[in-house]
Amino acid sequence: MRRVPAARAAAVGPPARGRPGHPVRTRTAHRYAAVLAAGLLVPLPLAGCSSDQGRTDSAAPARDPGEIRTTDRQQISTGGTLRWAVDAAPGTLNVFQPDADEASRRVAGATLPTLFTLDAQGEPKPDEDYLRGAEVTSTEPRQTVVYKLAPKARWNDGRRISAADFRAQWKALRGKNDAYWTARNAGYDRIRTVRKGEGPGEVEVVFNKPYADWRSLFAPLYPKQTMGNPSAFNDGARKKLPASAGPFRVARAGGKGKTVLERDPRWWGSRPKLERIELKPVPQGKRAKALREGEVDLARIDARTAEKIESAGSLGGPGHPHRKGEQGEQGEHADHDTAAAGARRAAKLPKGVRALRKYEVRKAMEPAYTQLALNGASGPLSDERVRRAVARALDRDELASEALHGTGLPDEPLGNHLRMANQDGYKDNSKAVGGKDLDSAQSLLAEAGWETGGGILRGAGRGHGKSGDGAEGADGPENGAGKSGGKQGQGGPAEPPSGAGKGNVSGVPRFRAEAQAAAVALSPRQLEQVVDRPLSLTTSTTVQRGALLAQAAQARLAAAEESGGKRALSRARSAQTVARDVRAQGREMRLLSTGRAAAVRTKEGKPLALRFVLPDGDNSRRIRATGKRIAGMLNEVGIRTQIKKVPDESYFKDHIAAGEYDLALYSWPASAYPATDARPIYAKPQPAPDGSLLVEQNYTRVGTDKIDQLFERAAGELDEGRRRELMQKADARIWAVAGSLPLHQNGQLVAADRRLVNAGAFGFADPQYEDIGFTRH
């Protein structure tokens with residue numbers, strides 16, 4: 001069965017080529033620079049590593065293959081149109097150009113050959129629609145790979161897929177002709193020659209030196225008409241393809257409107273169930289509205305929209321799951337009564353809420369992770385001891401738990417830069433830098449010459465201080481501390497207070513445990529008598545009051561959802577807002593009363609102050625909340641953080657890539673081929689001829705010769721076990737230099753029409769486009 005890539009992490013390589021008449025793109029212009037605030041920075045996801053430092057994949061958590069509603073083809077209707085939301089219309093149909101985007105990759109996945117595709121664990125598998133086989137046939141004198149093409153594999157212009165197509169793509173992407181505007185050439189630059197094989201339908205690829213990630217090449221494969229000359233490569237495939245070889249073909253592309261793919265009658269594989277796929281541009285901020293108005297069938301969403309869909313779906317009614325306890329022992333009669341009652345409730349709901357009931361939320365682990373980046377180019381963080389002190393000041397368990405709370409996905413920290421928790425070969429290597437240890441962090445700072453002095457930093461992470469006071473600005477009650485009583489408004493489900501999780505801090509039990517202990521003893525009537533007024537102004541009673549408010553708000557929300565009353569829902573959410581405000585005040589009081597706000601450290605009269613850059617967009621609220629928690633943790637060891645919020649559109653280009661930051665939060669895609677794809681992300685920066693620093697994609701500017709050597713050895717190691725061992729050593733050293741601190745693996749929340757099957761949250765797995773469709777009922 002054919003499997004094609006949805007948004008595989010690209011191979012990152014040497015610099016993109018300059019486009020005539022346009023500024024030359026440097027190595028920092030990686031096409032995954034788009035993995036910033038707007039999408040992956042919103043921490044929707046999961047992670048799956050534990051504190052067991054020696055755990056390998058054999059002890060990993062249960063694998064999550066994603067939620068796509070797998071269904072046999074016999075149960076799927078023939079025909080229909082899938083309306084699939086994408087961020088924007090494709091900038092080009094050539095995914096090897098720098099301006100390729102999500103829509104470009106969707107088009108390629110449905111229309112072009114990909115010789116090896118990925119399974120749910122990110123392992124490459126040969127696609128039998130294109131290959132009878134592919135293997136390394138010799139390593140001496142040079143590595144040779146022989147591809148045996150499927151006899152029916154043809155372009156839709158009638159020509160057989162052949163060595164000519166392989167050769168044209170190699171020559172275009174190998175990096176020797178600056179006339180090609182290529183985004184990368186990793187792997188192709190290692191090829192010595194491509195030629196016709198000895199047997200029919202065989203292609204031989206000979207490498208200059210061993211290359212372990214050869215399966216990553218020719219993914220996708222373009223016809224020779226696209227790759228044969230620079231003009232065709234640069235402009236010919238921007239809006240159309242001269243030929244394709246997939247279950248769908250391009251019917252319309254280009255401009256700002258929807259891109260239309262239609263079933264290709266020349267496809268030799270299983271006939272696609274859908275007649276058409278429409279890739280509809282819908283920005284992230286407008287997707288909730290598009291879903292309410294029924295304009296799309298499949299869309300990546302944020303946690304807030306997911307919550308609304310799940311709340312709407314829980315109200316019962318025909319075709320929807322019943323709420324727990326509604327179905328009694330009266331069989332079909334009770335079932336009918338329950339459905340009728342659900343329908344009556346649904347009829348009373350606002351139109352937008354009723355519309356959301358046609359969707360469900362599908363979740364999966366995503367091949368990407370969120371990290372705290374420490375810029376080691378200059379300033380205090382150029383000292384490895386200071387970077388390691390930052391690492392040991394962080395409670396990554398707490399950060400992951402808070403960031404991922406309420407998503408329904410695992411919330412443990414990630415322990416590897418090169419393998420995700422649901423990939424084979426995953427191992428937690430974070431012990432190389434160490435876990436939270438405030439005493440060790442203090443010692444490292446003192447060793448680096450940063451001595452205690454100055455005043456107490458009050459307000460770190462409070463959400464209403466000035467720049468330089470720990471954390472600037474407030475994004476609403478869920479992100480900062482409000483005043484007692486709070487501000488009435490809309491809110492989501494009650495969150496656990498900051499610090500909730502496992503273990504103790506300085507011998508003080510976590511707030512989550514306190515909340516449970518405080519709330520369990522009172523009845524609903526007693527709660528009503530207590531929560532309307534403060535018990536006292538002490539720290540412990542403020543924490544207790546916040547717990548009681550949270551319990552009461554949860555009870556009110558459950559009752560409001562049961563009744564379906566709009567006013568009751570509004571009041572319940574307002575009560576949750578109040579609870580969050582009081583809990584935030586309790587956290588602030590605990591911070592100051594327990595001595596967690598340490599004296600600012602200084603060196604030669606200058607304070608230890610770090611610029612913490614965060615995105616300012618609506619879709620980045622949760623990432624800013626994570627940043628504020630980090631600011632509070634660093635405050636415990638005397639590190640001042642000056643938070644600067646910048647527009648999403650300039651966040652990556654003007655700050656991360658340009659090196660204008662000390663601390664930053666952003667995400668990276670994971671890969672099935674880390675020896676190739678991750679190398680430039682962690683490569684040691686090198687001096688450029690003009691005196692600047694060539695950083696490739698290593699925006700932390702932290703690297704070592706040894707890490708580079710391990711990547712180079714792994715890229716040429718054909719033995720899988722030995723290659724994984726080299727990658728584990730490289731990852732441990734990346735942890736040790738503390739330029740990048742992974743916090744958690746990201747995840748996918750996808751809204752899908754309930755009738756849509758074989759689609760949704762794919763995770764690592766590549767979609768099977770011909771099997772996507774709508775059920776008959």
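Is tyrosine 188 buried or exposed? Tyrosine 188 counts as buried, because its relative accessibility is 5% and buried means under 20% relative accessible area, with exposed over 50% and partly exposed in between (1.4 Å probe, protein chains only).

Before the points themselves, a word on the basis. This is a predicted model, in which local features need pLDDT of at least 70 and side-chain atom pairs count only at pLDDT 80 or more, while totals for chains, interfaces and linings use all residues. Residues are numbered from 1 along each chain as its sequence is written, and side-chain values use heavy atoms, with hydrogens and water left out.

1. **The partner of tyrosine 188.** Tyrosine 188 forms an aromatic pair with phenylalanine 96. Rings of Phe, Tyr and Trp (its six-membered ring) pair if their centres lie within 6.5 Å; planes under 30 degrees apart count as stacked, over 60 as edge-to-face and the rest as tilted. By this rule the model has 19 aromatic pairs. The pair of phenylalanine 96 and tyrosine 188 is edge-to-face, at 6.3 Å centre to centre and with 90 degrees between the planes. It links distant parts of the chain, 92 residues apart: phenylalanine 96 is in the loop between strand S1 (81–86) and helix H1 (102–111), and tyrosine 188 is in the loop between helix H2 (163–173) and strand S6 (191–196). Helices (H or I, at least four residues) and strands (E, at least two) are DSSP runs, numbered from the N terminus. Phenylalanine 96 is buried too, with a relative accessible area of 2%.

2. **The cluster and the core.** Phe96 and Tyr188 belong to one aromatic cluster, whose members also include Phe116, Tyr147, Phe166, Trp214, Phe218 and Tyr222. Several of these names come back in the largest nonpolar core, which has 67 residues; Tyr147, Ile161, Phe166, Ile191 and Phe218 are those with the most contacts inside it. A nonpolar core is a set of buried Ala, Val, Leu, Ile, Met, Phe, Trp, Tyr and Cys residues joined through side-chain atoms within 4.5 Å. Elements that each supply at least two residues of this core include S1, H1, strand S5 (144–149), S6 and strand S23 (740–753). H2 gives the most, with 6 residues.

3. Leaving aside neighbours within four places in sequence, phenylalanine 166 is in contact (heavy atoms within 4.5 Å) with Leu115, Tyr147, Leu149, Ile161, Val194, Val203, Phe218 and Leu221. Apart from the 67-residue core lies another core, of 37 residues, among them Tyr369, Leu418, Ala421 and Leu726.

4. **Strand S20.** All 7 of the 7 residues in strand S20 (residues 663–669) are buried. Leu663, Leu665, Ser667 and Pro669 point one way, and Ala664, Tyr666 and Trp668 point the other way. In a regular strand the side chains alternate between the two faces of the sheet. Two strands pair if DSSP finds at least two bridges between them. Strand S12 (residues 359–374) pairs with S20 in the antiparallel sense over 7 bridges, with leucine 374 opposite leucine 663. Strand S18 (residues 609–615) runs parallel to S20 and is joined to it by 2 bridges; here phenylalanine 612 is the bridge partner of leucine 663.

5. **A charge over a ring.** Arginine 174 lies over the face of tryptophan 170, at 4.7 Å from the ring centre. The rule asks for NZ of Lys or CZ of Arg within 6 Å of the ring centre and within 35 degrees of the ring normal.

6. **Two cis peptide bonds.** One joins glutamate 140 and proline 141, with omega about 0 degrees; proline 141 lies in the loop between strand S4 (131–138) and S5. Another joins alanine 219 and proline 220, with omega about 5 degrees, and proline 220 sits in the loop between strand S7 and helix H3 (224–227).

7. **Two positive phi values.** Most residues other than glycine have a negative phi, and most peptide bonds are trans. Glutamate 604 has a positive phi near 55 degrees; this residue is in the loop between strand S16 (599–603) and strand S17 (606–607) and is exposed, with a relative accessible area of 78%. Arginine 701 has a positive phi near 60 degrees and lies in the loop between strand S22 (693–694) and helix H20 (705–715). Arginine 701 is buried, with a relative accessible area of 14%.
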